[in-house]
Amino acid sequence: MSSLFDADAANDGDRVAQAVSALVSLARRAPAGHFDALRDGEATRTVWQTFLERAMAALPAAERTPEALLSQLDELHASLVRRIEDNGVTYNLYSDALESAGRQARPWSLDLLPMIMTEAEWLQVERGVAQRANLLNRILADVYGPQDLIRDGKLPTALIHGHPGFLRAVHGIVPRGQTFLHVAAFDLARGPDGNWWVMSQRTQAPSGLGYALENRMIVSRLFPDAFRALHVDKLATSYQTLMASLTAHSPAGDDARMVLLTPGPYNETYFEHAYLARYLGLTLVEGSDLTVREQRLYLKTLQGLQPVHGLLKRLDDEFLDPLELRSDSRLGVPGLLQAIRAGNVLVANAPGSAFLESTALLGFLPALSRRLLGEELSLPSLATWWCGERAAMESVLPLLADSVVKPTWPGGDMSAVVGRSLSRRELDEWAGRIVRQGDEHTVQAYMPLSQMPTWKSDARGDHIVPRSVVLRVFAVSDGPQSWRVLPGGLARVATADHE
């Protein structure tokens, strides 16, 4: 038999649900042709309904109205901004205008509303990312070993050996446990049908692990009830797994001294370097703090030289060792590659993975997965054509208007160009460039990005507005040739000017 209190609770639940529905009706809809993370047709998606209901339930019973929740969210946004400032979370800016005045640190930009996925959606992403980390590690083992993939024509020689990130100096070096990658990042986008696609991958010195952790800690403290109701997995275990794996792979095992190598305080993500070092219990060092003696790496201290057995780098590979790589580098450590060859130090990630970051490689991964893993990729890549192959170039030229042209190699002045933003004359000009310099260009299919609700603290306009989003997901090593996917990621939201 139900009591009066049960009826009151039920009525209150109905009022909360109705208030949330009224609030969602005020939110601007995603543009046609884009996946709307907030709505499924006319209904609010279950995860967002739960999140907003819990946020509403935190208000006093008499104040559970859309207007009161908007006011509450505004206060929470102000609290979020204060926490960012108090915690000193920054991202350094580089520009010609600032060059004379030096670098300028700006507060980290964090949206109030988190990106939310269902368990089923996350399992698809988790399986696909772990599989891809395994595949990329296998590719590195072959490219810096027997090179069967190149010999058999599965990977073009020009694409690999022509990439500045391919390091001939490390060919033949096999890291402990044959684990070349300890941290890998994958940028994912959601298509209009709701399926996830891989747009790019980062393996050299992936950024975002520190920002993802800080973001989670701040937002979860603002919405504790909602996070509990949605059973959001904690991130800490993945970081512990990474450190345990680095220690196990190092030559000194449990007695290893680990450091985090940073380019220095002028790097754009220096806050993250310091944050991660503190959180993981690592010593934050620059290249000048280290030295190599008799093929061993040491940290310079007031007490003398202390051995270093593991190095988590946030430095591009080409700067690691001026003796064998870039001779003008002042950021690395002379003799570091020789210490790596001797097996006296673990470097994560192993030098030489930068060629994997080329967008062009995505077009070859389905066949490589079948060859190396005997499996189809469970998380597909956007259709990608490297124009260094004549057949691929000829097949994609008629599709330029519905594609994105990207540079094959890093550096240079070229940035991604969206075909639909070009005139007919401009498309013809790009086609001519591609024909003349095919290997320098990669073409990727255009896909309208999914839209997630974001908070806009502006009384003059809408409060909840859709924005395009790309999700960066991380895989970290979990023992020899094994990976764990961080249960969450870094959602990067476009500004209103970059939809």
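E42 counts as exposed, at 71% relative accessibility, where exposed means over 50% relative accessible area, buried under 20%, and partly exposed in between (1.4 Å probe, protein chains only). The side chain of E42 meets that of R29 in a salt bridge of 2.9 Å, N to O, a term that stands for a side-chain nitrogen of Lys or Arg within 4 Å of a carboxyl oxygen of Asp or Glu. This pair links distant parts of the chain, with R29 in the loop between α1 (4–26) and β1 (39–40) and E42 in the loop between β1 and β2 (43–44), 13 residues apart; helices (H or I, at least four residues) and strands (E, at least two) are DSSP runs, numbered from the N terminus. R29 is partly exposed, with a relative accessible area of 41%.

The model is a predicted one, in which local features need pLDDT of at least 70 and side-chain atom pairs count only at pLDDT 80 or more, while totals for chains, interfaces and linings use all residues. Residues are numbered from 1 along each chain as its sequence is written, and side-chain values use heavy atoms, with hydrogens and water left out.

In the whole structure, a search finds 17 salt bridges. One of them joins the side chains of D148 and R151 at 2.7 Å, N to O, and both residues lie in helix α6 (residues 148–151), 3 residues apart, about one turn of the helix. D148 is partly exposed at 30% relative accessible area, whereas R151, at 58%, counts as exposed.

A further salt bridge, of 2.9 Å from N to O, is formed by the side chains of E272 and R314, and it links distant parts of the chain, since E272 sits in helix α11 and R314 in the loop between β12 (310–313) and α12 (336–341), 42 residues apart. Both E272 and R314 are buried. Salt bridges that share partners also join D187, R472 and R492 into one network. Within it, D187 lies in strand β5 (residues 183–190) and is buried, with a relative accessible area of 4%.

Turning to a sheet, 3 strands form an open one in the order β9-β10-β11 with antiparallel pairing, where two strands pair if DSSP finds at least two bridges between them. β9 (290–293) and β11 (304–307) stand at the edges, each with a single partner strand, so one side of each is left without a neighbour in the sheet. Strand β10 (residues 296–301) is joined to β11 by 4 bridges, and L299 stands opposite Q306 in β11.
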